[in-house]
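Trainee: I would like a close look at one part of this model, with some context from the rest of the structure.

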Amino acid sequence: MAKPLDPALLRSVRSARSTVLATAALVVAQTAALVVAALLLARALGRLVEGSAAWSEVAGEALGVLVALAVRAALTTATEWRAHRGATRVVAEMRDATLRHVARLGPRWLEAHRAEVATLVTRGLDALEPYLVRYLPQLLQTALLTPAILVVIATQDLLSAATLAITLPLIPVFMWLIGLATERTTRRRLAAQQRLDARVLDLVAGLGTLRALGRARGTVARVRELADAERRGTMSTLRVAFLSGAALELLATLSVAVVAVGVGLRLVTGEVGLVTGLAVLVLAPEVLAPLRHVGTHFHASADGVAAVERCLDILREPVPVAGTADLGPVEEVEWDGVDVLPPGRTLPAPAGLHGRVRRGGITVLRGPSGAGKTSAALALLGLLAPDAGVVRLRVGDRRLDLRDVDLAAWHAQVAWVPQHPVLEPGTLREVALAGVDADDEALRGAAERSGFAEVVAALPLGWDTPVGGRARGLSAGQRQRLATTRALLSPARFLVLDEPTAHLDSASSAQVLRLVTEAARDGVGVLVLTHAPELVAAADEVVTVAAGAAEPLAAEVLA
Amino acid sequence: MSTRDALLADLRALRRIWPLLGVSRRRLAVAVAWGTLALSAAVGLAAVSAWLIARASQMPPVLDLTIAVVAVRALGIGRGLFRYLDRLASHDVALRGAAHLRERLYSALAHGRTDAVATLRRGEVLRRWGADVDDVGDLVVRAVVPALVALVVSLVAVGIVGALSPLAGLVLAACLLLAGLGAPLLAARAVRAAELDGAAQRGRVAAQAMTVLDGAAELRVGGRLDPLLGELADAEDALRRTRDRAARPAALAQGVTAAATGLAVVAALAIGAAQLAAGSLAPVELAVVVLTPLAAFEGVGMLAGASVHAVRAADAARRLTDLLDRARRPATGAADPAVGAPAVVAAGLAVGWPGREPLLRGLDLTLAPGRAVAVVGPNGSGKTTLLLTLAGLLPPAAGEVRIGGVPSTALADGAPSVVTMTAEDAHVFDTTILENLRVARGDVTEDEAREVLALAGLGAFLDRLPDGLDTVVGAGGACISGGERRRLLVARALLSPAPLLLLDEPDEHLDPETAERLLQDVLALREAGRGVLLVTHRGAASLAAADDVVDLGAVAAAPGVVPMLERSA
Ligand SMILES: Nc1ncnc2c1ncn2[C@@H]1O[C@H](COP(=O)(O)OP(=O)(O)OP(=O)(O)O)[C@@H](O)[C@H]1O
Ligand SMILES: Nc1ncnc2c1ncn2[C@@H]1O[C@H](COP(=O)(O)OP(=O)(O)OP(=O)(O)O)[C@@H](O)[C@H]1O
Ligand SMILES: [Mg+2]
Ligand SMILES: [Mg+2]
């Protein structure tokens, strides 16, 4: 944070570099125009006040002032315009990179950091814009122009330049102090904001539950507390940031005042001329203006910088499974002694898991709740890395460690219905087809197989029926079949179903059984995580999953 | 809509949201006062230092300059100091306003219709809650205070210049008016459409980002991540184009301000020169007349941005009021009033969703302490709907439900002290196990929690947890398994103070033995004087043990009293 310009930001975001350079160029031109305007104005006004020239003699200069100011206005406009363009791109790139990486980090990481990432990608990163649009140009201005204008002033009046120059070394010192003071409070504030956001999203999602328990009203006070805590946190960041800004500004204004007074007193003795004095008077504030603005925009930028730094940290998190090896058509997947230790737990679930899923076969994972069935499936999908043992893929007669292969190629061969699928609001068609390249024909086919077709048939609006988040408007069993439909849309060599008969009545469960056996007959390798006896009975291989240091369990191969 | 109507509509939206910010007049006045002092100090600094330099060049005795010298320093200090106070005060007002608005918003959602946010994507909810409220709150810092400050400071500057040269003052006033009124109007008009588009696109970006975040694993495996990120990139592109479209006129408005400044300075120079020649203006005064305008435009310079911000805030305000409207519901009845003997009695009940055919008709049912009722039936037959209706959370389509003798329609949110429903997808909050249990009843002790968790079959699970009851279960129960989550919900239901419990599919996601044991334990609650109604797809043994079995399917295949049911077509 103390670094005003993060090199990591520049490295990782290409567009930021061009933004900063373009801004720098524009800023230089802008100041040139300003210097010209100031010198001309001083000349015109000075000679008028001295009475050494009439209006007709200075009219040309006045026109020059007008032109120079117009040019400056145009350049200011361009600077702002250009900076914001780059800024939106940087924010977009940062958001994209973060989301991509977070998806690769897998569910276990995400569950622990979801709230934080949510705030970052929805509002945190947007604070980067003031950083790039306001703060960075001012910073560049301070670095490039302050010395340049100082030189111009020096050509006019050495003593004033020297007075101003004395303040300059104070800048880095102040910047450093500001950074130090703001760092902690900004972090704290970001954390408070995340807490509030996460809490409210959670409460809003649970309002139905709270209402059913008669507890919704009670949470209002809690939200008020959190909102107030956030406000206080923000206020304390601002207080520090504003104070440091004010210190910079005060320093700047005071040294301008000192220069003005100094020039004034030397005018009295005739050491300097009026034109020079006026030029210095107009230019002096400009030397320190960028500095003042750095202070002004500091707090906005602090948020942006904190957000970016957090994103950069996230981007540095190692991905659990990140192989690159090419993958052909997979014939078989197996767990070989797989242990998964859930974060913060002492016993692995599953522990020492052995088993396999073959194309054309049905493997059932069963075991008591919490034994690690879902975790075993996540390991098989490469979404989490086993803490012991390996997941192997057989391609032809090669056996590949899942950690070495390109996961995207593996995912292209698998369809997966999680235990609690995420369903966004929209029409049924939108929900089923989001991000999938499939037509209505394929949709109907998949719905036929999952048993969702009969649900759609009973709806007056059919596929155009709108549903809310988590498929609100559908019954539990209908929702389950909708999720299955979605997974069946793309052809896959392996099908992973996590509790596919949960919430289903016996007719729909029978449909799932049909789906599973037909898929296996068509050569798909089916993995079902279930407690349903009828599915267990249909399995070619039943693997019992156990948690902890329980005795090793062999796969019992049925029929 | 003409631009004028549109801007008026914006003003209306802002007027409607303003009271919800709860802005204190006094605080606002203080902020404006500091802001005015700060900018006035800047104008004064420009005027006095111009005078100082010009006067000094006439080589007067140094004593003549003392007051000006002191004034320059004081104004220099004052400017920084006042500015600091101004920023503190105005941000404080803004943040208080935002916090106040957030509280009102949440309170409206908590008390209003439960489905107010159902059709919104999570990202959109977060956006309204976050950025939209911030935008409305910032109205104070970015529009209201600057506008008032600009007005006062402009008057000060015109006063100083006008006192020396009325004509120059007049020109300055005209230029200030151009910059302070023309530029903001131009900006607001030109960027309005783009701002609205931009807001919609920003909403889409947030929603899409949340979608990707929420479904990351599924999307990735399903190969849907890249297409969705592609859509996100498109949304960002569209947003960028819109911003570009908006940036040009906004920049132009800035240009107008800059041009007005230049014009004011040069005009002052010309007028001043003429008056100097005519002898009606002293040379020293000329310097003041020419240099003061340079500082005078700092106030109005902020107004173009302020008007753009007001447009944005108005749009955010519309989205927020829309949400508030959606959450509003007619005041139906009392919230959990004192009711008679704990019993739920349905007579001639038909249940269904508003605007749809009833799912079932003519149901008579009594749930009282000491009784256990099972509800079975195929998917979509209306089991969950029935539970919602019996709990008083959904009005009956026909017939009547009496909870503790009170018709359910006379109750605002059912009567949670008599009967509570645990939905099949009831929410598990992102907090500890203990706090999740305390959602049912605030004063649950650790021992009670342990006991009831054991009853729900989570005793062994709890023993294995290093953090025990303080284990965090993650958003929506993401850090526990499906079956653990379900049993946590059952435990929570058991802890509720209500004697009557409605449980929707408590046995899903469990292996048959655990499920059967759980159902038996739940049914055993009737011995403890509670009444239980549960929905299940399995559990043959528990069905046999229930006092009543309500079969919403065509066939009633269980012992006990089967109420007469007439299935609607
Ligand atoms: N993100 C997580 N953080 C901590 N612990 C976790 C996390 N996810 C799962 N666990 C724990 O790991 C164990 C195995 O969970 P998993 O979901 O694999 O069980 P399961 O066999 O699928 O159970 P169920 O049949 O109930 O779905 C459980 O005890 C669970 O609490
Ligand atoms: N919020 C809602 N608005 C409108 N219709 C709804 C809503 N929720 C459910 N429905 C519809 O009402 C019907 C009954 O739904 P309900 O959830 O009561 O069924 P259920 O018997 O509980 O089924 P399941 O066994 O699948 O849980 C279904 O056709 C469903 O689509
Ligand atoms: Mg599971
Ligand atoms: Mg249901």
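What is the volume of the second largest cavity, and which residues lie nearest its centre?

Mentor: Bear in mind that this is a predicted model. The second largest cavity has a volume of about 100 Å³. A search of the whole structure for cavities of 30 Å³ or more finds 11 of them.

The lining of the second largest cavity consists of 13 residues. Nearest the centre are Q419(A), H420(A), R470(A), R479(A) and H503(A). Two elements give two or more residues each to this lining: α15 (476-488) of chain A and α14 (482-495) of chain B. The biggest share is that of α15(A), which gives three residues. By residue class, the lining divides into six charged, five polar and two nonpolar residues.

W410(A) belongs to helix α11 (residues 407-411) of chain A, while F494(A) belongs to strand β9 (residues 494-498) of chain A. The pair thus links distant parts of the chain, 84 residues apart. W410(A) counts as buried because its relative accessibility is 0%. F494(A) is also buried, with a relative accessible area of 2%.

Another aromatic pair is in chain B, where W34(B) and F82(B) are stacked, 5.9 Å centre to centre with 15° between the planes. W34(B) lies in helix α2 (residues 25-56) of chain B and F82(B) in helix α3 (residues 66-111) of chain B, so this pair ties together parts that are 48 residues apart in sequence. W34(B) counts as partly exposed, at 27% relative accessibility. F82(B), at 22% relative accessibility, likewise counts as partly exposed.

Helix α4 (residues 122-164) of chain B packs with helix α5 (residues 166-214) of chain B at an angle of about 170°, and their axes are 12 Å apart. Because of that angle, α4(B) is roughly antiparallel to α5(B). The residues of this contact divide into 14 nonpolar, five polar and five charged.

Definitions and conventions: Residues numbered from 1 in each chain as written. Chains lettered and ligands numbered in written order. Predicted model: local features only at pLDDT ≥ 70, side-chain atom pairs only at ≥ 80, totals over all residues. Heavy atoms only, no water. Axes fitted to C-alpha atoms, helices over the stretch in contact; angles between N-to-C directions. Helix = DSSP H or I, 4+ residues; strand = E, 2+ residues; numbered from the N terminus. Parallel < 35°, antiparallel > 145°, perpendicular 65-115°, else oblique. Nonpolar A, V, L, I, M, F, W, Y, C, P; charged D, E, K, R; others polar. 1 Å grid on protein atoms, 1.4 Å probe; cavity = no way out; pocket = protein on both sides within 12 Å on 5 of 7 lines; lining within 4 Å. Points joined across faces, edges and corners; volume = space filled by probe spheres on them. Buried < 20%, exposed > 50% of the residue type's maximum accessible area, 1.4 Å probe, protein only. Phe/Tyr/Trp six-rings, centres within 6.5 Å; stacked < 30°, edge-to-face > 60°.
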